[in-house]
Amino acid sequence: MTEMDFGDLADDDPDLLENTALPKQFISRLRNAFYTRLSDFDDMDDIQMLREPGINWRIIKAVRSQRARIDAK
């Protein structure tokens with residue numbers, strides 16, 4: 001997603017990383033890897049996520065739990 005694509009995102013969208021309960025350190029690492037939404041990981045399995053720079057098991061578990069929490073609502 002480029003900077004121009006951010007204009008169509010609502011500030012209160014629960015899918016945005018900044019609107020989740022993820023720690024700021026995790027959000028920073030994911031943003032540095034050019035991820036902006038939890039749904040960016042929907043088509044990825046854990047191994048694919050681990051291949052991304054700066055992503056570890058703790059981040060994967062946190063992303064999966066936040067995604068499950070949003071899907072449950």
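The model is a predicted one, where local features need pLDDT of at least 70 and side-chain atom pairs count only at pLDDT 80 or more, while totals for chains, interfaces and linings use all residues. Residues are numbered from 1 along each chain as its sequence is written, and side-chain values use heavy atoms, with hydrogens and water left out.

By the salt-bridge rule, the count comes to 7. One of them pairs the side chains of Arg-37 and Asp-15, at 3.0 Å from N to O. That pair links distant parts of the chain, with Arg-37 in the loop between α1 and α2 (46-50) and Asp-15 in the segment before α1, 22 residues apart. Helices here are DSSP runs (H or I, at least four residues), as are strands (E, at least two), and both are numbered from the N terminus. Arg-37 counts as buried at 16% relative accessibility, and Asp-15 does too, at 8%; buried means under 20% relative accessible area, exposed over 50%, and partly exposed in between (1.4 Å probe, protein chains only).

Asp-15 also has a salt bridge with Arg-67, where the closest N and O atoms are 3.1 Å apart. Arg-67 sits in helix α3 and Asp-15 in the segment before α1, so this pair ties together parts that are 52 residues apart in sequence. Both Arg-67 and Asp-15 are buried. Then there is Arg-64, whose side chain meets that of Asp-46 in a salt bridge at 3.3 Å, N to O. With Arg-64 in helix α3 and Asp-46 in helix α2, the pair ties together parts 18 residues apart in sequence. Here Arg-64 is partly exposed, with a relative accessible area of 30%, and Asp-46 is partly exposed as well, at 29%.

As for the overall layout, the protein chain has 3 helices and 0 strands, and reads α-α-α along the sequence. Of its 73 residues, 36% count as buried. Take the contacts (heavy atoms within 4.5 Å) between residues at least 6 apart in sequence: 41% of those join residues at least 24 apart.

On to helix packing. Two packed helices are described by the angle between their axes and the distance between the axes. For α1 and α3, the axes come within 11 Å and cross at roughly 100°; axes are lines fitted to C-alpha atoms, for helices over the stretch in contact, and angles run from 0 to 180 degrees between N-to-C directions. The two helices are therefore roughly perpendicular to each other, given that angles under 35 degrees count as roughly parallel, over 145 as roughly antiparallel, 65 to 115 as roughly perpendicular and the rest as oblique. Phe-26, Arg-29 and Leu-30 of α1 make the contact with Arg-58, Ile-59, Ala-62 and Val-63 of α3. These residues divide into 5 nonpolar, no polar and 2 charged, where Ala, Val, Leu, Ile, Met, Phe, Trp, Tyr, Cys and Pro count as nonpolar, Asp, Glu, Lys and Arg as charged, and the others, Gly among them, as polar.

What about the nonpolar core? The term covers a set of buried Ala, Val, Leu, Ile, Met, Phe, Trp, Tyr and Cys residues joined through side-chain atoms within 4.5 Å. The largest one has 17 residues, of which Leu-22, Leu-30, Tyr-35, Phe-41, Ile-55 and Val-63 touch the most other members. At least two residues of this core come from each of α1 (24-32) and α3 (57-72), and α3 gives the largest share, 5 residues.

Leu-22 is found in the segment before α1 and is buried, with a relative accessible area of 7%. Leaving aside residues up to four places away in sequence, Leu-22 touches Leu-17, Ile-27, Leu-30, Leu-38, Ala-62, Val-63 and Gln-66. The C-alpha atoms of Leu-22 and Ser-65 are separated by 9.6 Å, although the two residues are 43 apart along the chain. Met-44 has its place in the loop between α1 and α2 and counts as buried at 16% relative accessibility. Beyond residues up to four places away in sequence, Met-44 touches Tyr-35, Met-49, Glu-52 and Arg-64.

Technical notes: A salt bridge is a side-chain nitrogen of Lys or Arg within 4 Å of a carboxyl oxygen of Asp or Glu.
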